[in-house]
Every structure is written in C-alpha cells, then in structure tokens.
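The stops below go from one selection to the next.

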Amino acid sequence: MQLTLWTYEGPPHVGAMRVATAMRGVHYVLHAPQGDTYADLLFTMIERRSTRPPVTYTTFQARDLGGDTADLVRTTVAAAYERYRPEALLVGESCTAELIQDQPGAMARGMDLPVPVIPLELPAYSRKENWGASETFYHLVRAMVASQVPAPGTEPPARDPGRRPSANLLGPSALGFRCRDDVPEIIRLLETLGIDVNVVAPEGASPSDLGRIPAADFNICLYPEVAYTACAWLKRAFGQPMTSTIPIGIGATRDFIAEVCALAGTDAEAALQDAAARLPWYSRSVDSTYLTGKRVFIFGDASHAVAAARIADEELGFTVVGLGTYSREFARELRQAAKHYGVEPLITDDYLEVESQVAALQPELVLGTQMERHVAKRLGIPCAVISAPVHVQDFPARYSPQMGFEGANVLFDTWVHPLMMGLEEHLLGMFREDFEFNDTAAPSHLDGESPPREALPETSKPAPAGDDGCDWTPEAESELRKIPFFVRGKARRNTERFAVESGIARITVETLYDAKAHFGR
C-alpha cells in the first residue's frame, strides 16, 4: 500500500457505487466504518447528481469491533430492504471492513430476501475502482439473465426479417467521463443506421432492463473499462457479438459505423456520406496549420488515451511523444498503441511518475486527467482533460459529447483552444514593452482622454536561476520572455545546460542564441 496525495482510481467498492448509482431499482449495502461515507460526495458534489447514491452503510465504529459486527450487517441489510424495496440488492464491504472478514455478501444471501442478492467480493488491496465497476456490472447482468442462458452449443435464434436490428449500449456509468452526452449522440447515430437501441446499461437501467439484454442482436461495448467483462460473457453464453471500436474521433467513428453495420446487416454508405463533422476541415484550414507537429503527451484510462493518440496523430497532425494509462487491466492495448507511435508506454498509477515524464519530455500540449491538468499548470504547459478522474468543471451543463461526429467537433475545440490561448498570451507578452500596447498605456483610440491603466503584475518573468550557479543578465531575461511560454522552460534549461558545459557563469543574449544554435544542430 502506498500513501499518496492524489489517486487515479478509488478502491473497488467505489466502482460498485458507480454502477449502483447509475441504475434504477438497485440498492447497495456497504459494510464500512463511519469514515467511508465520504464517497457520497463524489456523486452529489463533483458529478452534481440531484439524488444521493442508493447506498446504505453499516457504519460500524471502533467500539463495535469488540462485539458482533456480523449482526450489524444482518440488521442493516434487513432495514435497507424494508425501506427501499429494491429490485436487486448488492452487498459488499469497504477496504477497511475487508480486514474484519465478516463476509457480508454470504450473510445477506442466507437471509432469504424476496429479491436477488448479489454478493460482491472485491479485493480492495489488489484491485481498483474500474475493475470494481466492471465486476459489479458483470455480476448484475449474470444474475438477471441466468435463467435465460441456453444450453451449450445452442445456435442463437435468427432475427425476424420484419424487425429492425437492435443493439445494447453497455458501459456508461455514474462518474464516467461525458457518458451523459455520449449516449444520446450514439443513439442518434444508430438511428440514422436503422438500428434500434434495446437497453442502455448500467446508466438509467433497472434490473428488469438487464433481463432484456439477450433480446438484442449484438452488444456495443461503449466503455470497455466497465463493460468488457460482461460483453465477453454474453458473447460466450448467448452468442451475442460485441463491438471492439470506440467511436472517438472521425476515423474511429467511421470504423465504428462500418463495424456496427456489418453486425446489423445494414448499409453504412449513406451514414458515412452524411457525416457532419467540422474537425477534418478545421484541422486542414489556414488558422490551424501552426498546429502541425505539435508535441503532445497523453495519459488517461486506456480507452480514451488510445483514442486520443489516434486523433492527435491522424486527424490533427500532432506528434505523440508520450502515451500512458493507469488502467493496468488494459495495459496490453496501450502498449500496442505506444509501439505504433514509436514511444515508450507509461503504465502507472503514480501521478509523480507521470509528472516526471511530462517534465522530461517537455511537450507543447498535455492531454490527460484532472491530475495532469494540475501538473501541466505547474509546468506552464497547455492542457486539455480527456479522461476520468475529473473535477466538477468536466461535468458541464452544456451538451459536450466525446463520441461520434459531434464529439469530434468538441474535441477539436477542447484540444486546440489551449494552444491558441497560449499563442495569444505569447503575443501579449511580446508587445508588453511596446510604447502603445504596454500595460500602462491609455487606449489609443481615445486620444488621451482616458487615464492610463495601472500596470499589471509581471506574470511571465522567468523563475530565478537554478542551483547550477548560472546568472542571467536583465537583457537575457527580457529576450527569454519573448519565447512562447509553453517552450520557455525548455529553452531556459537548455541554455543553462549549455552555459554550464561551456564554463559560462553569466548568461547574456549572445549565450541564449549560441545555445539555440547548439541544440538546433
């Protein structure tokens, strides 16, 4: 176990809460001490849901450990059922309660409640949140369709020729990154393809809805971190095919359409011709040509990170210099993608290791999670958030999908604007000393009628010299400020390194340009 300030994923019982909170008619009894009730805030404060998670805690205290905590579990389970009357009851334990070994799931199952009781055995000290969500969803699906599983070797029934093909959208959950907007975007896309949506789960589904999953012709694994295990089991048990393409970006959305239409037996050509996305033209337009070759570092859950790398490379002309994930269960997929882009994969859940990698690579743009947003801000690098974990600002009130053609438009704005704002800030910094545009000059169009503005604080002044003993002349510092802020740190380090290697104690403007020529060879 490692003590840390930040973490990419919570313990697995938080993943179970994400599934329970996303669904209707499900209640989760969690054997946990009083302090573990903090998880409610993830949904009410960060995701801004209007209702509290459907979770009841046993909330044992230190004095309870000397008595019978198992009886506390039975009392809490009975009370939760009587109060909420759910269609299905999840029972599990937090990481702290796991040490007591009360086996709350087994106890609840032995209480003969009139609803399905799904015990969750989620090892908190070896697994994490996304795995917990995946296991919870898998066990819920399996419990709700168990009576429908055909005998081994049974061929799935053929679809009625008069019925439109249908699919299940599996994976969207509470606290998922832009799930709320991705789902309607994909539903609209499927409608244009002549494909009906049978069930969306876990988000918005009830246990009885899960029982209808086998009626669909195939499953769309929209978020593999949550749905892959369930989709793979449904394929084995019912012969239901599953998709493998995540429709994030223009190219992936086109591939998704082709894959879905092949499974449904429909024509994809019309939808591909009618694709309305501005990203391809914007990325080729004159005001975007300065983006070509920008060095980008990408980190997040595996699905979003791999998708982002493809968009950056193929659709925006960026150069991927770093690619990583905290999703160890999908490390193989990310390693394959990293090999394709010729970079070393970074598989870690230590944000300090990610920060070190960003500092070493000095990219011009970081695409990551909320943690990388803070890291990039500290290093003075533009950043856009592409993956959970996220904070409240990444659950916007506006419609902001990441998937489909409209999602591609959103991605273009989200990724490119930080670079454009960086250019704007650089230009403002360049002209700060100009006689007409400096901070104390009055607006020129008022012809001196307006009093001059008070000078703004200097925000672009370079940091003090490091421990290498190099001293910068005022003229050299002024020249350094003309370099765009998102590469200024690298220019400073390279210059100081050049000065140390050359035995120069005081850096002048000439030293700055000599270093530029040296490292530009």
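Which residue in S10 stands opposite threonine 325? Select threonine 325 and look across to S10: isoleucine 347 is the residue opposite. We return to that pair of strands below.

**Before going on**

This is a predicted model, in which local features need pLDDT of at least 70 and side-chain atom pairs count only at pLDDT 80 or more, while totals for chains, interfaces and linings use all residues. Residues are numbered from 1 along each chain as its sequence is written, and side-chain values use heavy atoms, with hydrogens and water left out.

**The whole protein**

Colour by secondary structure. The protein has 20 helices and 14 strands; helices (H or I, at least four residues) and strands (E, at least two) are DSSP runs, numbered from the N terminus. Of its 521 residues, 53% are buried. Buried means under 20% relative accessible area, exposed means over 50%, and partly exposed lies in between (1.4 Å probe, protein chains only). The protein exposes about 24,600 Å², with carbon and sulfur atoms supplying 53% of that area; accessible areas come from the Shrake-Rupley method with a 1.4 Å probe, and for residues only the protein chains shown count as cover. Among contacts with a separation of 6 or more, 71% are between residues 24 or more positions apart. Contact means heavy atoms within 4.5 Å.

**The five-stranded sheet**

Select S8 to S12. These five strands form an open, parallel sheet in the order S10-S9-S8-S11-S12. Two strands count as paired if DSSP finds at least two bridges between them. Strand S10 (345-347) and strand S12 (383-385) are at the edges with a single partner strand each, so one side of each has no neighbour in the sheet. From one strand to the next, the twist averages 15°. Axes here are lines fitted to C-alpha atoms, for helices over the stretch in contact, and angles run from 0 to 180 degrees between N-to-C directions.

Now select S8 (295-300). Five of its six residues are buried, so S8 is largely enclosed by the rest of the structure. S8 pairs with S9 in the parallel sense over six bridges, and arginine 295 stands opposite threonine 319 in S9. Between S8 and S9 the chain passes through helix H13 (residues 302-315), and this β-α-β crossover is right-handed. A crossover is right-handed if, with the strands pointing away from the viewer, the path from the first strand over the helix to the second runs clockwise.

Towards S11, three bridges join S8 to its parallel partner; valine 296 has leucine 365 as its bridge partner there. On the other flank, S9 (residues 319-325) is parallel to S10 over three bridges, which include the opening pair, threonine 325 and isoleucine 347.

**The three-stranded sheet**

Select S5, S6 and S7. They form an open, parallel sheet in the order S6-S5-S7. Strand S6 (196-201) and strand S7 (218-221) stand at the edges, each with a single partner strand, so one side of each lacks a neighbour in the sheet. The twist averages 25° from one strand to the next.

S5 is joined to S6 by four bridges, and alanine 167 has valine 197 as its bridge partner in S6. S5, helix H7 (residues 179-192) and S6 make a right-handed β-α-β unit. Four bridges also join S5 (residues 166-170) to S7, where asparagine 219 stands opposite asparagine 168. Helix H9 (residues 224-238) lies across S5 and S7, at about 160° to S7.

**Backbone exceptions**

Most residues other than glycine have a negative phi, and most peptide bonds are trans. Select proline 202, in the loop between S6 and helix H8 (207-210); the peptide bond from alanine 201 to proline 202 is cis, with omega near 0°. The bond from alanine 388 to proline 389 is also cis, with omega near 5°, and proline 389 lies in the loop between S12 and helix H17 (404-430).

Arginine 48 has a positive phi, near 60°, and is partly exposed at 48% relative accessibility.

**Last selections**

Select arginine 493 in helix H19 (residues 485-502). Beyond its neighbours within four places in sequence, arginine 493 is in contact with Ala359 and Gln362.
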